[in-house]
Amino acid sequence: MAQVDCVAEGIYRISVQAWGFPITLNQFLIEDEHPALIHTGTFPIYEEVRNAVAEVLDPARLAYVVVPHFESDECGGMGRFIEDAPQSTLVCSEAGAALNLSGWDYSGPVRGVREGETLELGAHTLRFIETPHVHHWDSMMVVEETTKSLFPADLFIQPGDQPPVVREDLSREMCALYREAGIFGAKEPVLQVVDQLEKENLEWIHPMHGGSLPGEVHAKYIRALRKEPFAYEGKIFGRQLFG
Ligand SMILES: [Fe+2]
Ligand SMILES: [Fe+2]
């Protein structure tokens, strides 16, 4: 069953264990006049995530479903969440909309966003950062301005079953997981984004896998990304292909 925890003002982490990998799968719900769900979870866990959303608000009230990149854990439930919330719009990067929605069977409303565009939810404001090639060509991240929260999808993840808030330094484990799984093609696009994120003075980072990181631990994770190898070394999920 999904675990629901309030991790910042009006921001709820919906964490699910049902996943074939040793990581949690987190969705983030922002309760506001125009509520937003960031990541949907995979298609099979739709009911579980929807029930968890319903603990906080009526899922039919969702105004935005935000997909930072198109991979099943980030977007598997998007069609049904949008269908079940008549006023809702799918929000993704402009590149993601062009690359991933124009040729599939998704026919709901879409807003493709560019760097710096914002979305008013009421008390909260979302701002979008284009982060191409940080994991996917069309990737973006989301900043929530009032809580100074970052939603980086698969950057800053920690392996294992983590509590809602993590103060521990699990940055070595993070880099080891990235090398084994092979999710970042190269380090340069990631490090460019890390430089940009550091200037944001974030109070929270809410990764999609693991626990939310409060401001005092960000530097450790950023340092590890700059010092430790983490990019693709020829391995996919621990299976050596090249090198
Ligand atoms: Fe991903
Ligand atoms: Fe993910």
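The following legends describe close-up views of a predicted model.

Residues are numbered from 1 along each chain as its sequence is written, and chains are lettered from A and ligands numbered from 1 in the order in which they are written. Local features need pLDDT of at least 70 and side-chain atom pairs count only at pLDDT 80 or more, while totals for chains, interfaces and linings use all residues; side-chain values use heavy atoms, with hydrogens and water left out.

**Figure 1. The chain as a whole.** The chain has 7 helices and 15 strands; helices (H or I, at least four residues) and strands (E, at least two) are DSSP runs, numbered from the N terminus. The radius of gyration is 17 Å, close to the 18 Å that the globule rule gives for 243 residues, so the chain is as compact as a globular protein of that length. This radius is taken over C-alpha atoms, and the globule rule is 2.2 Å times the number of residues to the power 0.38. Of the 243 residues, 56% count as buried (under 20% relative accessible area, with exposed meaning over 50% and partly exposed in between; 1.4 Å probe, protein chains only).

**Figure 2. The site of the iron ion (ligand 1).** His69 (NE2), Glu71 (OE), Glu74 (OE), His135 (NE2) and Asp154 (OD) coordinate this ion at 1.8 to 2.8 Å. Donors are N, O and S atoms within 2.8 Å of the metal (3.2 Å for Na, K and Ca); water is not among the atoms, so sites may look incomplete. Histidine 69 lies in the loop between β5 (64-66) and α2 (72-75), and histidine 135 in the loop between β9 (125-130) and β10 (140-144), so the pair ties together parts that are 66 residues apart in sequence. Histidine 69 is buried, with a relative accessible area of 2%, and histidine 135 also counts as buried, at 16% relative accessibility.

**Figure 3. The site of the iron ion (ligand 2).** Asp73 (OD), Glu74 (OE), Asp154 (OD) and His209 (NE2) coordinate the iron ion (ligand 2) at 2.2 to 2.4 Å. Glutamate 74 bridges this ion and the iron ion (ligand 1), which lie 3.5 Å apart. Aspartate 73 in helix α2 and histidine 209, in the loop between β12 (204-205) and β13 (213-214), link distant parts of the chain, 136 residues apart. Aspartate 73 counts as buried at 3% relative accessibility, and histidine 209 is buried with a relative accessible area of 2%.

**Figure 4. The largest nonpolar core.** A nonpolar core is a set of buried Ala, Val, Leu, Ile, Met, Phe, Trp, Tyr and Cys residues joined through side-chain atoms within 4.5 Å. Of the 32 residues in the largest one, Leu155, Phe156, Tyr178 and Leu225 touch the most other members. The elements that give two or more residues to this core are β10, α5 (171-181), α6 (188-198) and α7 (215-227). A second, separate core of 29 residues includes Leu29, Ile45, Val65 and Tyr106.

**Figure 5. Leucine 155 and helix α6.** Leaving aside its neighbours within four places in sequence, leucine 155 is in contact (heavy atoms within 4.5 Å) with Met141, Tyr178, Phe184, Val190, Val194, Leu197, Pro207 and Leu225. In α6, Pro189, Val190, Leu191, Val193, Val194 and Leu197 are buried. The buried residues of this helix pack against β9, β10, β11 (149-151) and α7.
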